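Subject: Handover of a structure and its findings

Dear colleague,

Please find below the sequence and structure that I am handing over to you. I would ask you to keep them open while you read the notes.

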Amino acid sequence: MNAEAIQQIGVLGAGQMGAGIAHVAAVAGYKVALADVSLERAEAGKAGIAKRLGRAVEKGKLSAEDREAALARITPVVGPAGLSTCDIAIEAATENIDLKRKLFKALDEACKPGCILASNTSSISITLLAAVTGRPEEVVGMHFMNPVPVMKLVELIRGLATSDATYAATLELAAKLGKTTITSKDSPGFIVNRILIPLINEACFALQEGLATAADIDTGIKLGLNHPMGPLELADLIGLDTCLAIADVLHRELGEDKYRAANVLRVHVAAGWLGRKTGRGFYDYRK
Ligand code: CAA
């Protein structure tokens with residue numbers, strides 16, 4: 001599959017990341033099949049995109065016609081089977097190895113020959129996912145950043161068997177979506193999370209040691225280093241369950257103590273305080 005031949009993009013997972021990818025693909029002019037476990041969830045993902053595109057119209061960044069045209073290009077569907085006509089399927093499900101392996105097997109069965117299978121995983125080995133398919137040369141990592149419509153970067157990850165043609169097609173597709181790419185080897189956390197998650201985790205250790213309040217840790221990094229958000233508020237945006245899942249992959253796969261997750265992160269996840277998406281994380285969003 002080359003980039004010119006890509007006309008329909010499948011997105012598996014209509015949550016925060018999947019909906020963001022579908023949003024960007026539809027605005028760029030692609031037909032999009034947006035899949036989730038149920039049609040209701042896929043439709044909810046599309047409804048969220050409609051809302052965000054509506055805000056862009058209010059701000060004068062998009063015309064009402066372009067909003068309608070982009071929305072008309074998105075079709076909510078159910079599961080991997082709903083992506084059978086796509087030219088590339090981008091998996092954006094929960095960061096869980098067993099789940100992603102199951103989904104890649106299902107995508108391999110459902111998608112037509114030649115369809116590229118990409119994962120938006122933030123830390124799981126692309127080679128491991130490719131190995132459950134019959135087309136490892138067409139499996140690649142396409143890691144978007146959150147919020148997808150705002151962030152300029154896509155991190156591309158080549159698995160051991162990823163072909164040059166698959167890599168070239170995803171490189172060109174990312175450019176057509178208006179993104180700048182970087183390329184990483186298939187190694188835990190790739191480039192961005194290899195560096196970001198230890199930063200967030202260190203902020204968690206500082207918090208649990210009582211070094212400073214969450215607000216002061218965040219203000220320190222925001223104003224002292226000119227980051228748009230402090231590490232704890234960014235963790236709340238990403239989702240503390242996702243941060244913990246990535247920290248656990250780094251610790252297990254790289255095998256060094258420096259990557260072990262701070263207990264304060266683990267207990268927040270155990271409590272179900274997962275950040276903005278549940279209304280409470282290191283900060284309280286319920287007011
Ligand atoms: N979807 C679409 N657009 C969004 C959005 C969303 N979810 N959230 C914010 N925006 C848009 C707003 O509409 C606004 O657009 P305009 O400039 O066109 O008006 C713009 O983003 C700025 O938003 P706000 O004015 O509301 O707020 P802000 O200036 O505080 O910016 C932010 C918000 C863009 C999130 C900014 O704080 C930021 O860049 N934070 C850092 C984000 C970051 O680091 N992301 C990477 C996370 S790591 C990751 O994703 C990898 C991983 O695997 C864990």
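The notes below describe the domains, the ligand site and several single residues.

This is a predicted model, in which local features need pLDDT of at least 70 and side-chain atom pairs count only at pLDDT 80 or more, while totals for chains, interfaces and linings use all residues. Residues are numbered from 1 along each chain as its sequence is written, and side-chain values use heavy atoms, with hydrogens and water left out.

Domains

The protein chain is assigned domain 1 (3-184) and domain 2 (195-278); such bounds come from an automatic or database domain assignment. Taken over C-alpha atoms, the centres of the two domains are 27 Å apart. Seven residues of domain 1 are in contact with seven residues of domain 2, where contact means heavy atoms within 4.5 Å.

The ligand site

Which residues come nearest to the ligand? Among the 17 residues around the ligand, these are Lys59, Lys61, His143, Asn146 and Asn193; a residue is near a molecule or strand if one of its heavy atoms lies within 4 Å of it. Domain 1 and domain 2 each give at least three residues to this shell. Helices α7 (192-208) and α9 (231-238) each supply at least two. Helices (H or I, at least four residues) and strands (E, at least two) are DSSP runs, numbered from the N terminus.

By class, the shell holds 10 nonpolar, four polar and three charged residues. Here Ala, Val, Leu, Ile, Met, Phe, Trp, Tyr, Cys and Pro count as nonpolar, Asp, Glu, Lys and Arg as charged, and the others, Gly among them, as polar.

Lys59 has a polar side-chain atom 2.8 Å from an oxygen atom of the ligand, and Asn193 has one 2.9 Å from an oxygen atom of the ligand. For Asn146, a backbone N or O atom lies 2.7 Å from a nitrogen atom of the ligand. Taken alone, the ligand exposes 1100 Å², of which the protein buries 59%; accessible areas come from the Shrake-Rupley method with a 1.4 Å probe, and for residues only the protein chains shown count as cover.

Backbone features

Most residues other than glycine have a negative phi, and most peptide bonds are trans. The peptide bond from Asn146 to Pro147, however, is cis, with omega near -5 degrees. Pro147 lies in the loop between β6 (139-144) and β7 (153-158).

Phe190, although not a glycine, has a positive phi of about 55 degrees. Asn226 is likewise not a glycine and has a positive phi of about 60 degrees. Are these residues buried or exposed? Phe190 is buried because its relative accessible area is 5%, whereas Asn226 is exposed because its value is 69%. Buried means under 20% relative accessible area, exposed over 50%, and partly exposed in between (1.4 Å probe, protein chains only).

Glu95 is found in the loop between β4 (88-91) and α4 (97-110), and counts as buried because its relative accessibility is 14%. Its side chain makes polar contacts of 2.7 Å with that of Thr121 and 2.9 Å with that of Ser123. A polar contact is a pair of N or O atoms within 3.5 Å; within protein, one must be able to donate a hydrogen and the other to accept it, and residues adjacent in sequence count only if both atoms are side-chain atoms.

Gly18 lies in helix α1 (residues 16-27) and is buried, at 0% relative accessibility.

Yours sincerely
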